[in-house]
Amino acid sequence: RLSDTIGDMTVGGRHPLTRIMRPPTLAVSRTVARTIFDAGLTLFVNGFESTEDYAQKSLQAMVGALQNGIYRRNETVRKGAILVMHMSASAKYTARALDLLLTANERRPDGDPAKFRVGRIEDYLTEDYSQTMRHVTDLSLR
């Protein structure tokens, strides 16, 4: 288990390990959902959009990929959008693009409709929220 390796650490006063999982390649099936829940995880979350940061050819392209996930065509914020990014050698523009985008966002005045808020998934879940196998079997998953 990862917790056995990194120990009881915190980041910003919170434990970074949760019982939430994102399936690889954003692929979800009944088997994947069953496996997630059988492993003791309580929630699986899929991304709204992959930035495909591992394939971006420039910083400008990476910033554009982030903006496409955050904003609709009419430049309004996609509330609740979950963007998938990677920490790998091939995702070489991700950190810098995020820095540029987040810095520009912080400079926007409050009330600007293009200003977005970054949050943790746990911040949006209520105590009584649950995903169970009952929900999974009712879904028409691939």
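Of the 142 residues of the protein, 24% count as buried, where buried means under 20% relative accessible area, exposed over 50%, and partly exposed in between (1.4 Å probe, protein chains only). The model is a predicted one, in which local features need pLDDT of at least 70 and side-chain atom pairs count only at pLDDT 80 or more, while totals for chains, interfaces and linings use all residues. Residues are numbered from 1 along each chain as its sequence is written, and side-chain values use heavy atoms, with hydrogens and water left out.

The protein has 5 helices and 4 strands; helices (H or I, at least four residues) and strands (E, at least two) are DSSP runs, numbered from the N terminus. Along the sequence their pattern is α-β-α-β-β-α-β-α-α. With contact defined as heavy atoms within 4.5 Å, residues 24 or more positions apart account for 57% of the contacts with a separation of 6 or more.

A nonpolar core is taken as a set of buried Ala, Val, Leu, Ile, Met, Phe, Trp, Tyr and Cys residues joined through side-chain atoms within 4.5 Å. The largest such core has 11 residues: Met-62, Val-63, Leu-66, Ile-70, Tyr-71, Val-77, Leu-83, Ala-97, Leu-101, Ala-114 and Phe-116. Helices α3 (59-70) and α4 each supply at least two residues of this core, and α3 gives the most to the core, with 4 residues. Apart from this core lies another, of 5 residues, among them Val-28, Ala-33, Ile-36 and Phe-44. In soluble globular proteins, nonpolar side chains tend to be buried together.

Helix α4 has 14 residues and reaches 20 Å from its first C-alpha to its last, close to the 20 Å expected at 1.5 Å a residue; the expected span is 1.5 Å times one less than the number of residues. The buried residues of α4 are Thr-94, Ala-97, Leu-101 and Asn-105. They cover an arc of only 70 degrees around the axis, which puts them on the same side of α4; the arc is that of the directions from the helix axis to the C-beta atoms. What covers these buried residues includes α3. The face of α4 turned away from its buried side carries the exposed residues Ala-95, Glu-106 and Arg-107.

Asn-105 is placed in helix α4 (residues 94-107) and is buried, with a relative accessible area of 6%. Not counting residues up to four places away in sequence, Asn-105 touches Tyr-71, Ala-114, Lys-115 and Phe-116.

In helix α2 (residues 30-38), the buried residues are Ala-33, Ile-36 and Phe-37. Seen down the axis of α2, these residues fall within an arc of 90 degrees, so they line one face of the helix. Thr-31 and Asp-38 are exposed on the other side of α2. Just after α2, Gly-40 takes a positive phi of about 95 degrees.

Glu-52, in the loop between β3 (49-50) and α3, has a positive phi of about 50 degrees and counts as partly exposed at 43% relative accessibility. Glu-75, in the loop between α3 and β4, has a positive phi of about 70 degrees and counts as exposed at 61% relative accessibility.

Met-85 is found in the loop between β4 and α4 and is partly exposed, with a relative accessible area of 31%. Met-85 and Asp-53 are 32 residues apart in sequence and 6.3 Å apart in space, C-alpha to C-alpha. Leaving aside neighbours within four places in sequence, Met-85 is in contact with Thr-51, Asp-53, Leu-66, Thr-94 and Leu-98.

The largest pocket has a volume of about 1500 Å³. On a 1 Å grid over the protein atoms alone, a pocket is an open set of points where a 1.4 Å probe fits, with protein on both sides within 12 Å along at least five of seven lines, and lining residues have an atom within 4 Å of a point. Of the 34 residues that line the largest pocket, the closest to its centre are Ala-81, Ile-82, Leu-83, Gly-119 and Ile-121. The largest share of the lining, 4 residues, comes from α4.

Notes: Grid points are joined across faces, edges and corners, and a volume is the space filled by probe spheres set on the points.
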